[in-house]
Amino acid sequence: MEKKVILTIRAEQTYEGQEPDSVELVSEGVLAQVDDGWQICYEESDLTGLQGATTIFEVTPGRIVLSRSGALESRMVFEEGVRHDSLYQLDVGALMVCVCAKRIDASLSENGGYMDVTYAILVEQAAAGTVRYHIDVKPA
């Protein structure tokens, strides 16, 4: 099952010593049912600074995986209380990123729903801050 959807994506980043930075955008995407969960896929835009990248969230019970390909290559795994390391590949080089999910929650069906993930992030072993994604999914 694959369905065109409208995504309302809210991202808030709070970095050490800085004011929180947030962005909200509406994008077309695709919601697909996979073996043990759901997949949300959309193309990034200039608003996120990631134009040319495709973002995929794989949502399964107790776990969310964020993958990006194209202009940016990365894969981050979120499981509450579990630390995951990944390589964040940019065209100018790569960074080692560690994420630890503080909270994940999702309720998705063929009629849409939502996905929420809040995580702490370390870049090159230094605490960088907290990121929260909230995505509302509605049929197109």
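What share of the 140 residues in the protein is buried? Buried residues make up 39% of them. The model is predicted. The protein has 10 strands and zero helices. Seven salt bridges turn up in a search of the whole structure. The largest nonpolar core counts 32 residues.

**Overall build**

- Read along the sequence, the pattern is β-β-β-β-β-β-β-β-β-β.
- The C-alpha trace spans about 40 × 30 × 25 Å along its principal axes.
- The radius of gyration is 15 Å. A compact globule of 140 residues would have a value near 14 Å, so the protein agrees with that expectation.
- Take the contacts with a separation of 6 or more: 35% of them join residues 24 or more positions apart.
- The protein exposes about 7600 Å². Carbon and sulfur atoms supply 48% of that area.

**The nonpolar core**

- Within the largest nonpolar core, the residues with the most contacts are Phe57, Phe78, Met115, Tyr119 and Tyr133.

**Salt bridge Glu24–Arg10**

- Glu24 pairs with Arg10 in a salt bridge, with the closest N and O atoms 3.4 Å apart.
- Glu24 lies in strand S2 (residues 21–34) and Arg10 in strand S1 (residues 2–15), so this pair ties together parts that are 14 residues apart in sequence.
- Arg10 counts as partly exposed because its relative accessibility is 32%, between the limits of 20% and 50%.

**Salt bridge Glu44–Arg68**

- Glu44 and Arg68 form a salt bridge, and their closest N and O atoms are 3.4 Å apart.
- Glu44 sits in the loop between strand S3 (37–43) and strand S4 (53–60), while Arg68 sits in strand S5 (residues 63–70). The pair therefore ties together parts that are 24 residues apart in sequence.
- Both Glu44 and Arg68 are buried.
- Arg68 has a relative accessible area of 5%. Buried means under 20%, so Arg68 qualifies.
- What else does the side chain of Arg68 join through a polar contact? The partner is the side chain of Tyr133, at 3.0 Å.

- Asp116 and Arg132 meet through their side chains in a salt bridge of 3.0 Å, N to O.
- Asp116 belongs to strand S9 (residues 112–123) and Arg132 to strand S10 (residues 126–139), so the pair ties together parts that are 16 residues apart in sequence.
- Is Asp116 buried or exposed? Asp116 counts as buried, at 4% relative accessibility.
- Arg132 is partly exposed, with a relative accessible area of 39%.
- A network of salt bridges links Asp116 and Arg132 with Arg103 and Asp105.

**Gln39 in strand S3**

- Gln39 is placed in strand S3.
- Gln39 is partly exposed, with 24% relative accessible area. The cut-off for buried is under 20%, so Gln39 does not count as buried.
- How far apart in space are Gln39 and Phe57, C-alpha to C-alpha? The distance is 5.6 Å, while the two are 18 residues apart in sequence.

**Ser27 in strand S2**

- Ser27 is found in strand S2, the strand that also holds Glu24.
- Ser27 is buried, with a relative accessible area of 13%.
- Which residues is Ser27 in contact with, leaving aside neighbours within four places in sequence? They are Val5, Ile6, Leu7, Tyr42 and Glu43.

Note on methods: Residues are numbered from 1 along each chain as its sequence is written. This is a predicted model: local features need pLDDT of at least 70, side-chain atom pairs count only at pLDDT 80 or more; totals for chains, interfaces and linings use all residues. Side-chain values use heavy atoms; hydrogens and water are left out. A salt bridge is a side-chain nitrogen of Lys or Arg within 4 Å of a carboxyl oxygen of Asp or Glu. Helices (H or I, at least four residues) and strands (E, at least two) are DSSP runs, numbered from the N terminus. Buried means under 20% relative accessible area, exposed over 50%, partly exposed in between (1.4 Å probe, protein chains only). A nonpolar core is a set of buried Ala, Val, Leu, Ile, Met, Phe, Trp, Tyr and Cys residues joined through side-chain atoms within 4.5 Å. The radius of gyration is taken over C-alpha atoms; the globule rule is 2.2 Å times the number of residues to the power 0.38. Contact means heavy atoms within 4.5 Å. Accessible areas come from the Shrake-Rupley method with a 1.4 Å probe; for residues, only the protein chains shown count as cover. A polar contact is a pair of N or O atoms within 3.5 Å; within protein, one must be able to donate a hydrogen and the other to accept it, and residues adjacent in sequence count only if both atoms are side-chain atoms.
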